[in-house]
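Reader: Hi! Could you walk me through some of the side-chain packing here?

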Amino acid sequence: MGMLVWAAWLFSPKLIAFVSAPRVVTADLNLEPALGVSVPGIQFFVYHSTLGDSFSELAKKFNLSEETLRSLNEYNNHNEPKPESTLLIPSKNGIFHVVHPGQGLADIAKAYEVSLMSVLEANHKTSDSDLKAGEILNLPGAHYLSNRDVHWLALIALTTQKKFMKPTTGRFADGFGQRVDPISGKVRFHAGLDLAPGLGARVVAAQDGRVIWAGVRAGFGRLIILDHGNELTTWYAHLEKILVKPQQMVKKGDLIGKVGSSGRTTGPHLHFEVRLNNKPQNPLLYLVP
């Protein structure tokens, strides 16, 4: 009788789930919890790659498939991680997709050849209004897509079609990233691109959007901020004139202002930013070549 009770307990659904549940053991694997990354039913950890790391070796190290790691970290181009790269490690295998602007849930499901319903259920989504650029989706039953796959190319084309136009004419006077500040002389992070077409030059909307700010802000001078959905905004600073009003809807290419030198600046130019979840992105990744 005792043996029967033991066997029943051993093969109970709870114990089977415990024994078979995929886990990532953090001890001695240089892992730390990934804060702010959320997919239902999956935990994520951060790993900092070292010299000689490859995805095939990391897959063995973490008892995961190489396709899992490549899809999650957007390395479907066959490259290997560089030393000190920050990689996400999930608690179980799967195919993941990082959402880009212009991609909808139906588009993603179609590309990976899975049902839309399965994507909605696995990620607790109801529609594209729940979708944000930059978030990670778990795609149950999906096949891994390399960057040469026609389905992947079709999906990326949606993002390409949504890319932004250059907001004014003229040369790029300063780029994105660390630079020597022209006023303080100290090294500071430059959150956008500076374009210098001359005082009074036209400034147009880089993409369809809604005006969420049209006024003066410290440092930026006369500033326009457009909301493009999916937590994506564009910023147009140091303007001479603002030609739109808050809540106004604008189309890509519409005139919204004139280049000036208001705010903290050494001369007339447009400071242009692209922000995702209010974090500055390199505008060159969004502008049409």
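Author: Happy to! Tyrosine 236 and phenylalanine 272 are both buried, where buried means under 20% relative accessible area, exposed over 50% and partly exposed in between, with a 1.4 Å probe and protein chains only. This is a predicted model, where local features need pLDDT of at least 70, side-chain atom pairs count only at pLDDT 80 or more, and totals for chains, interfaces and linings use all residues. Residues are numbered from 1 along each chain as its sequence is written, and side-chain values use heavy atoms, leaving out hydrogens and water.

Reader: Good to know. Which residues sit over tryptophan rings, say tryptophan 235?

Author: The charged end of arginine 275 sits over that ring, 3.7 Å from its centre. The cut-offs are NZ of Lys or CZ of Arg within 6 Å of the ring centre and within 35 degrees of the ring normal. Arginine 217 lies over the face of tryptophan 213, 4.3 Å from the ring centre.

Reader: Switching topic: which residues of helix 6 are buried?

Author: In helix 6 (residues 116-123), they are Ser118, Val119, Leu120, Ala122 and Asn123. Helices (H or I, at least four residues) and strands (E, at least two) are DSSP runs, numbered from the N terminus.

Reader: And what do they pack against?

Author: Helix 5 (105-112) and strand 5 (136-138), with contact meaning heavy atoms within 4.5 Å.

Reader: What follows helix 6?

Author: Histidine 124 does, and its phi is positive, near 55°.

Reader: Last one: are phenylalanine 44 and phenylalanine 96 buried or exposed?

Author: Phenylalanine 44 and phenylalanine 96 are both buried.
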